[in-house]
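Here are a few friendly notes to read alongside the model. Take them one at a time, and keep the 3D view open as you go.

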Amino acid sequence: MLSGHATADNIEVEKPKPIKCATFGAASLQQRHIATGDFDGNLNIWNLEVPEVPVYSVKAHKEIVNSIDGVGGLGIGDGAPEIVTGSRDGTVKVWDHRQRDSPVVNMEPVEGETKRDCWTVAFGHAYNDQDRCVCAGYDNGDIKLFDLRNMSLRWETNIKNGVCCVEFDRKDINMNKLVATSLEGKFHIFDMRTQHPTKGFASVSEKAHKSTIWQVRHLPQNREIFMTAGGAGNLHLWKYEYPAKRSKKDSDGVDVGVAGTVNLLQNVTVSTQPIASLDWNPDKQGLLLCSGFDQTVRVHIVTKLNLV
């Protein structure tokens, strides 16, 4: 791994409310509109060419928007461009900027159920115009998979620790794998191809280190390789290996998934503070951007990825 620094002209625009999260995921390659969630529960979409006033704005949640994701833009995922937000108010909502003021879907606890703080959301399964799923992770370790086509809760589990980040290995394919990271250094990989009616999805977990794993991002050029960002200022590069057979029959003759294994390829400490955000370049294999609590943005290059 090599690191470097880059400089460029920038425009600074101050907004009345602090911004917690952002995504380009629902924007076209031509427009490059960025969607943001702020500490006051607002969802705004900004044209970066004219950033003073949002092109779309809605009071999305009663409390802070912790996480945001987009699909249908940037040439990734079939179907309409949509945005999903997760909030401290316990709700997960899906938005279409063409529909003003109200969400397309609102997923909230039933009356009498305790509202949990939603820390992370992610789109997946967007491989045709009809199918699309949202995965949400919560502070109590709950992971919920919502089927947007059937408007139902498809699956849920609990990993016994706050879920910091969830990501499908690809948004625009039939669900393949899901990685969920948590507090205290553990992450879980779920094989999403085979769902057993009672056992759910097969999974394997790995203890990376003792600190929080803030984020996970899969390599765009190889979905079996992913990077995790840690609370001790470290980056860990992993590779998932499939088992010989991804499913088998249980005693009742029902298909049940078989989890693979995960191997550590490389790790490096880049800061004394947590690395809270990272992303891969979709065009240049191995080019990585990350930011940390030390208010520093770093650019890294990971080499020899075609050899693993």
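1. Let us begin with a term: strands, labelled E, are DSSP runs of at least two residues, numbered from the N terminus. In this predicted model, Ser291 belongs to strand E25, which spans residues 287–292.

2. Is Ser291 buried, exposed or partly exposed? Its relative accessibility is 24%, so Ser291 counts as partly exposed; the buried class would need a value under 20%.

3. Now look at what surrounds Ser291. Setting aside neighbours within four places in sequence, Ser291 is in contact with Ile275, Ala276, Ser277, Thr296 and Val297. As for Gln273, 18 residues separate it from Ser291 in sequence, and the C-alpha to C-alpha distance is 9.9 Å.

4. Next, please find the largest nonpolar core, which has 16 residues. Those touching the most other members are Ile143, Leu145, Trp155, Leu178, Phe190 and Met192. Strands E11 (133–138), E12 (142–147), E14 (163–168), E15 (177–182) and E16 (186–196) each supply at least two residues of this core. The most come from E14, which gives three residues.

5. Which residues does Met192 touch? Not counting residues up to four places away in sequence, Met192 touches Leu145, Trp155, Phe168, Met175, Asn176, Lys177, Leu178 and Phe201.

6. Finally, a word on confidence. The chain has a mean pLDDT of 92, with 97% of its residues at 70 or more. Over residues 1–8, however, the pLDDT is below 50, and this stretch has 11 contacts in the model beyond near neighbours in sequence. Where pLDDT is low, predicted coordinates should not be read in detail.

Notes: Residues numbered from 1 in each chain as written. Predicted model: local features only at pLDDT ≥ 70, side-chain atom pairs only at ≥ 80, totals over all residues. Heavy atoms only, no water. Core = buried A, V, L, I, M, F, W, Y, C linked by side-chain atoms within 4.5 Å. Buried < 20%, exposed > 50% of the residue type's maximum accessible area, 1.4 Å probe, protein only. Helix = DSSP H or I, 4+ residues; strand = E, 2+ residues; numbered from the N terminus. Contact = heavy atoms within 4.5 Å. pLDDT = per-residue confidence, 0-100.
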